[in-house]
Amino acid sequence: MAKAVKIGDRWVGDGHPTYVVAEIGINHNGDIEIAKRLMDAAKHAGVDAVKFQKRTPELCTPPDQRNVMRETPWGYITYLEYRHKIEFGEAEYREVDRYAKEIGITWFVSVWDEPSVDFIEAFDPVAYKVPSAALTDHGLLRKLRSTGRPIILSTGMSTIDQIKAAVELLDMENLIICHTTSAYPCPPEELNLRMVQTLKETYPCPIGYSGHEVGLIPSVVAVALGACLVERHITLDRAMWGSDQAASVEPGGFERLVKYIRVTELSLGDGVKRVYDSELPSLKKLRRVFN
């Protein structure tokens, strides 16, 4: 079974650098210029990829929620209208694709329904993400497997049995599983980071972490526990309008996150005790030997 999966030109798995994903998601609020600013910020921070979300609003909005009115930047409109306002179409994704190539950054999406897979296939994506909400959509999972592309599976709000059923529908050789808790933001006591280790012991594929907490420490700890992919939402300003903004990381924070992850990778070592050359002056000066 695969302990590493190739996304674009990068291997993701044990023994490889942590693959860091900045999720733009819907934090662009339907504005392509905001999306490009977020892509710039992610590139500057040193992430490996940015990720968007693609939905068919009529399929992904529950019937009882479609006509619920809500306050939005576009006025007092129905929830379904709002979903359309923040959904990028072909023109926007063509620009995302063009701009990603211009600045040299990888991009892919979370797909929420089967028509969205057909839509994104036209862009020859390096991978697909299955959002936690779609883990039990077995039709979507089968369609994604049929593309032959790497799949990243988020496991928020799911039981062990539901995760097992989803994994059985996918190709273990092309799968990365991400531990996730789907609360925005997620309180520390519900992060359950040891699930990274549990998933590593259960499945012979790379295990990652998709975090929705406030702050950076838990994401770095996930790397220390064995996560080989880390995904966090990115925003220009956590005070911006939108449901994901409060659980997102601002550009300066993302720079620190990438730095902390790289330092953690260097610091973990191989677990073999040795005396380093840098210790020899201290050894000579301070070591006391008793017979």
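Mentor: In this predicted model, the side chains of glutamate 265 and arginine 262 meet in a salt bridge, with a distance of 3.1 Å from N to O. Both residues belong to helix H10, which spans residues 251-268, and because they are three residues apart in that helix, about one helical turn separates them. Glutamate 265 is partly exposed, with a relative accessible area of 26%, and arginine 262 is also partly exposed, at 23%.

Glutamate 265 leads on to a pocket. The second largest pocket holds about 270 Å³ of space. Its lining consists of 14 residues, and glutamate 265 is one of those closest to the centre, together with Gly15, His16, Thr18 and Leu268. Sorted by class, this lining has five nonpolar, six polar and three charged residues.

The largest pocket, for its part, holds about 370 Å³ of space. A total of 26 residues line this pocket, and Gln53, Arg55, Trp112, Tyr184 and Asp244 lie nearest its centre. The elements that give two or more residues to this lining are strand S4 (49-54), helix H3 (79-85) and strand S12 (229-233), and H3 provides the largest share, with three residues. By class, the lining of the largest pocket divides into eight nonpolar, 10 polar and eight charged residues.

Returning to charged pairs, the structure holds 19 salt bridges. Another of these joins the side chains of lysine 101 and aspartate 97 at 2.8 Å, N to O. These two residues are four residues apart in helix H4 (residues 90-103), which means that they too are separated by about one helical turn. Lysine 101 is exposed, with a relative accessible area of 60%, whereas aspartate 97 is buried, with a relative accessible area of 16%.

A further pair, arginine 149 and glutamate 121, meets through its side chains in a salt bridge of 2.6 Å, N to O. This pair links distant parts of the chain, 28 residues apart: arginine 149 sits in the loop between helix H6 (138-147) and strand S9 (151-154), while glutamate 121 sits in helix H5 (residues 114-121). Arginine 149 counts as buried, with a relative accessible area of 16%, and glutamate 121 counts as partly exposed, at 27% relative accessibility.

The helix that precedes this loop can be described in turn. The buried residues of H6 are Leu140, Leu141 and Leu144. Viewed down the axis of H6, these buried residues fall within an arc of 100°, so they line one face of the helix. Among the elements that cover them are strand S7 (106-111), H5, strand S8 (128-130), S9 and helix H7 (160-168). After H6 comes glycine 148, which has a positive phi, near 75°.

Salt bridges also join into a network, in which Glu33, Lys36, Glu95, Arg98 and Glu102 are linked.

Key:
Residues numbered from 1 in each chain as written. Predicted model: local features only at pLDDT ≥ 70, side-chain atom pairs only at ≥ 80, totals over all residues. Heavy atoms only, no water. 1 Å grid on protein atoms, 1.4 Å probe; cavity = no way out; pocket = protein on both sides within 12 Å on 5 of 7 lines; lining within 4 Å. Points joined across faces, edges and corners; volume = space filled by probe spheres on them. Nonpolar A, V, L, I, M, F, W, Y, C, P; charged D, E, K, R; others polar. Salt bridge = Lys/Arg side-chain N within 4 Å of Asp/Glu carboxyl O. Buried < 20%, exposed > 50% of the residue type's maximum accessible area, 1.4 Å probe, protein only. Arc of directions from axis to C-beta. Contact = heavy atoms within 4.5 Å.
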